[in-house]
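Hello,

Here is the structure I promised to pass on to you. Please open it alongside this note and follow along as you read.

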Amino acid sequence: MSEIAGPAAAALSSLCPDDVIFLQSLPKAELHAHLNGSIPIKTILELAQQYSPSSAQTTAVADTIEKLKSGVILNEIFDFFSLMPAIYALTSTLESVVIVTRAVLQSFLNTTGDDTETPQCAYLELRTTPRTTPHMTRERYLTVVLDEVEMYPATQAALIVSVDRRMSDLDVEECISLAIEMKNRGRRVVGIDVCGDPRSGDMQSFTRHLSRAKGAGLGLTVHIAESTNNTTEDSLALLSCRPDRLGHATFLSDELKALFQNYKPCMEICLSSNLLCKTVASLDEHHIRYYLKNDHPIVICTDDALFFRTSCLGEYSLLLAQPPLGLGLSRDDVARIARMGMDAAFLRPRD
């Protein structure tokens, strides 16, 4: 497990050893982890040493790596998306995709190498957007990622195929079709995700594709109301497909929350991500409190551990640590949240 920093590290360091052992012992599901945002920094540095494209790209990659090494500072959520092109440049071949997928899976599911020998989580649903480059098609990309995912038992790992809000209608259709085809072949694709810059895309145009995925038996999770730029119409279009889970849901209006009286999609909560992207001012003001108060299902997730320097243990520490470093929840409450996460998995790993 990579070294953590920031809010998660502060919360973890405030806990007594017994509390840390308690958190490590909980079976945890990681259901919102982006492949390219979860690459260990050691792997990024190794790929960078082998990278030799145009000088302009090299400069951009080098600048991003320096930011990652020193700790990314974001002024707003949209700053995050400017970091991704350099990561994509380093992972543009099938060989590099294999390397990073294996490294990410190991970082979550293999023992940590410390005295506790405890994996970060018991179950992982990794998500990624199928990419096409001069070196690979989207189908080949998905195939090599799935080859690595399926090295682990079905009770430990599965894949969610993401579609980006910036994609054309044809690209969305291709990705959804690939996901359905892979599932029908018996490959371990369990769901579809909608992600990307929240300022982009017409979500109404996505709905027929998302409904087709649900009709094919895939789970559906969507990034929703991530920023104040997201309109009610945008969120209503996504909710019309009845997603099983909602990513972030930071700025859902009271009007939209009222829809959850008879429909309770699990909320994918990414505490460090929200704090560091400044979509919430503090844990005290975090929307997790609303969902806990209203007994709404949630799951605690890392989002992009490479950028936010966190881990599953770090995120759970933010639940247990006393304010202002954490939410100050009881052990019983934290254990209940962990169970909710396992229950929200598309593959139902405990069945």
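Below is what was found, starting with how to read the model.

This is a predicted model, in which local features need pLDDT of at least 70 and side-chain atom pairs count only at pLDDT 80 or more, while totals for chains, interfaces and linings use all residues. Residues are numbered from 1 along each chain as its sequence is written, and side-chain values use heavy atoms, with hydrogens and water left out.

The largest nonpolar core has 102 residues, and Leu252 and Leu319 have the most contacts inside it. (A nonpolar core is a set of buried Ala, Val, Leu, Ile, Met, Phe, Trp, Tyr and Cys residues joined through side-chain atoms within 4.5 Å; buried means under 20% relative accessible area, exposed over 50%, and partly exposed in between, with a 1.4 Å probe and protein chains only.) Beyond its neighbours within four places in sequence, Leu319 is in contact (heavy atoms within 4.5 Å) with residues including Leu271, Ile288, Ile300 and Val334. A second, separate core has 14 residues, among them Cys270, Val299, Cys301 and Ala345.

Next, a helix pair to look at. Helices H9 (residues 169-184) and H10 (residues 203-215) have axes that come within 10 Å and cross at roughly 5°. (Helices, H or I with at least four residues, and strands, E with at least two, are DSSP runs numbered from the N terminus; axes are lines fitted to C-alpha atoms, for helices over the stretch in contact, and angles run from 0 to 180 degrees between N-to-C directions.) H9 is therefore roughly parallel to H10, a label for angles under 35 degrees. Among the residues that meet there are Val172 and Ile176 in H9, and Phe206 and Leu210 in H10.

Now for two buried residues. Glu148 lies in helix H8 (residues 138-149) and counts as buried because its relative accessibility is 9%. Not counting residues up to four places away in sequence, Glu148 touches Val98, Thr101, Arg102 and Leu105.

Thr129 sits in the loop between strand E2 (123-128) and H8, and at 17% relative accessibility Thr129 counts as buried too. Which residue is 33 residues from Thr129 in sequence but 4.4 Å away in space, C-alpha to C-alpha? That is Ser162. Setting aside neighbours within four places in sequence, Thr129 is in contact with Ser162 as well as Tyr141, Met167 and Cys195.

Enjoy exploring!

Best wishes

Key
Angles under 35 degrees count as roughly parallel, over 145 as roughly antiparallel, 65 to 115 as roughly perpendicular and the rest as oblique.
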